[in-house]
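Please keep the sequence and the structure in view while reading.

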Amino acid sequence: MLTIFTTPKAFKGQFALIQENAIASWTKLKPKCEIILIGDDFGTAKIANKYKLIHVSGVATNKFGTPLLPDIFKKAYRHTKFNKLAYVNCDIILTSDFTDAIKQIKLTKFFLTGRRWNLDFKSKLEFKNGWQEKLKRRVLKEGRLDRFGANDYFVFTPKIDFEMPDFALGRTAWDNWLVYKARYLKIPVVDATDVIWAIHQKHDYSHAGGYQQVWHGPESQRNQELVRDRRKFFNVKDANYLLTKNGLKKPKLTFSRLVRKIETAPVLTPKITPIIYPLIFSIKMFKFIRDKNLSFAQNLDSRSARIKQSFSSNKT
């Protein structure tokens, strides 16, 4: 069985609709999941009561009143009945492929995440027959698969001690760091983008003072300071495995993936730092020279084609 935990924003304005859509979709998952709402923002207790969910109050916050992630995870670990957990942002609609995908993974330890689909959603989600297929068709028609770092769900087992710094929820960096930390702890990281439809309902940032405040304000800056090293900004491209319809498979070792492995080696295995940098430099130089030569060759081919065309025109 699986526990989903989250910390909602205040159920006001657009977030009342968006968050209830998300939570209601989680209650439809099979097998039925335990759902824990953590926090004290307006409407959280009411929604927990409406859907008969577990509500945990008293979450620790920073001086701005923003919930802190270490306490969110700590409270989830304390109240869950299960050893398999999923943190999901409270604006993400999930469909049955979420639990189906998790069941495919037979590893004793794993950390699963994936990219999200962005979709405008201005109405209440209705759970009539065929609602999932209808929603997926709409996503394919109107939605957009977001960037590699847009990861809004994390499924893992067992209850991992991430030793997480005091990251502020909903600000930058913490989710990228979490992927790094799983890799650092040698827990297999799985990219489930190909099989899980994580549907992000688009919204503004009015709850926190606007886009600039969320992405570039003091809380965001503090989160980035807590990461300490830019090389710890991981995403699904740093996964050990890809989850496909045919199960787990290793990603192909491309040149760019090889370079990325070498770049991140010092933060994943710090003891080899003194010997890895010359190798990184050599590979980057090789790539630079290769790309330059390729560009030069392409320019020559293009020039040659123009000359041939010119000669052909002159002859006629």
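**Basis of the description**

This is a predicted model, in which local features need pLDDT of at least 70 and side-chain atom pairs count only at pLDDT 80 or more, while totals for chains, interfaces and linings use all residues. Residues are numbered from 1 along each chain as its sequence is written, and side-chain values use heavy atoms, with hydrogens and water left out.

**Overall make-up**

The protein chain has 10 helices and 13 strands; these are DSSP runs numbered from the N terminus, with helices being H or I of at least four residues and strands E of at least two. Of its 316 residues, 48% count as buried. Buried means under 20% relative accessible area, exposed means over 50%, and partly exposed lies in between (1.4 Å probe, protein chains only). Among contacts between residues at least 6 apart in sequence, 78% join residues at least 24 apart, where contact means heavy atoms within 4.5 Å.

**The nonpolar cores**

In soluble globular proteins, nonpolar side chains tend to be buried together. A nonpolar core is here a set of buried Ala, Val, Leu, Ile, Met, Phe, Trp, Tyr and Cys residues joined through side-chain atoms within 4.5 Å. The largest such core has 36 residues, of which F5, F73, F111, F156, F162 and L178 touch the most other members. At least two residues of this core come from each of β2 (34–38), α3 (69–79), β4, β9 (153–157), α6, α8 (218–227) and α9 (255–268). The most is given by α6, with 6 residues. Another core, of 32 residues, lies apart from it and includes A86, I102, I196 and L243.

Neighbours within four places in sequence aside, F162 is in contact with F73, Y77, F111, F156, W177, L178 and K181.

Helix α3 has L69, D71, I72, F73, K75, A76 and Y77 among its buried residues. The buried residues of this helix pack against β1 (2–6), β2, β3 (54–56), β4, β9 and α6. D71 counts as buried because its relative accessibility is 14%. The side chains of D71 and K75 are joined by a polar contact of 2.8 Å. A polar contact is a pair of N or O atoms within 3.5 Å; within protein, one must be able to donate a hydrogen and the other to accept it, and residues adjacent in sequence count only if both atoms are side-chain atoms.

**Aromatic rings**

The structure holds 20 aromatic pairs. Rings of Phe, Tyr and Trp (its six-membered ring) pair if their centres lie within 6.5 Å; planes under 30 degrees apart count as stacked, over 60 as edge-to-face and the rest as tilted. The Y87 and W174 pair is edge-to-face, because the ring centres are 5.6 Å apart and the planes stand at 85 degrees. Y87 lies in strand β4 (residues 84–88) and W174 in helix α6 (residues 174–184), so the pair ties together parts that are 87 residues apart in sequence. Both Y87 and W174 are buried. Ring pairs link F5, F73, Y77, Y87, F111, F154, F156, F162 and W174 into a cluster.

Two charged residues lie over the ring of F148: R115 at 4.1 Å from the ring centre, and K237 with its charged end 4.8 Å from the centre. A charge sits over a ring if NZ of Lys or CZ of Arg is within 6 Å of the ring centre and within 35 degrees of the ring normal.

**Strand pairing**

Two strands pair if DSSP finds at least two bridges between them. The table lists some of these pairings.

| Strands | Bridges | Sense |
|---|---|---|
| β10 (residues 189–191) and β12 (residues 241–244) | 2 | parallel |
| β12 and β13 (residues 247–249) | 3 | antiparallel |
| β5 and β11 (residues 199–201) | 2 | antiparallel |

A hairpin joins β12 to β13 through 2 residues. An open sheet of 4 strands has the order β5-β11-β7-β8, with mixed pairing. Because β5 (92–93) and β8 (144–145) stand at its edges, each with a single partner strand, one side of each is left without a neighbour in the sheet.

**Local backbone features**

The peptide bond from K30 to P31 is cis, with omega near 0 degrees, and the bond from T157 to P158 is cis, with omega near 0 degrees. A173, although not a glycine, has a positive phi of about 85 degrees; A173 lies in the loop between β9 and α6. With 3% relative accessibility, A173 counts as buried. K186 has a positive phi near 65 degrees, and K186 is exposed, with a relative accessible area of 65%.
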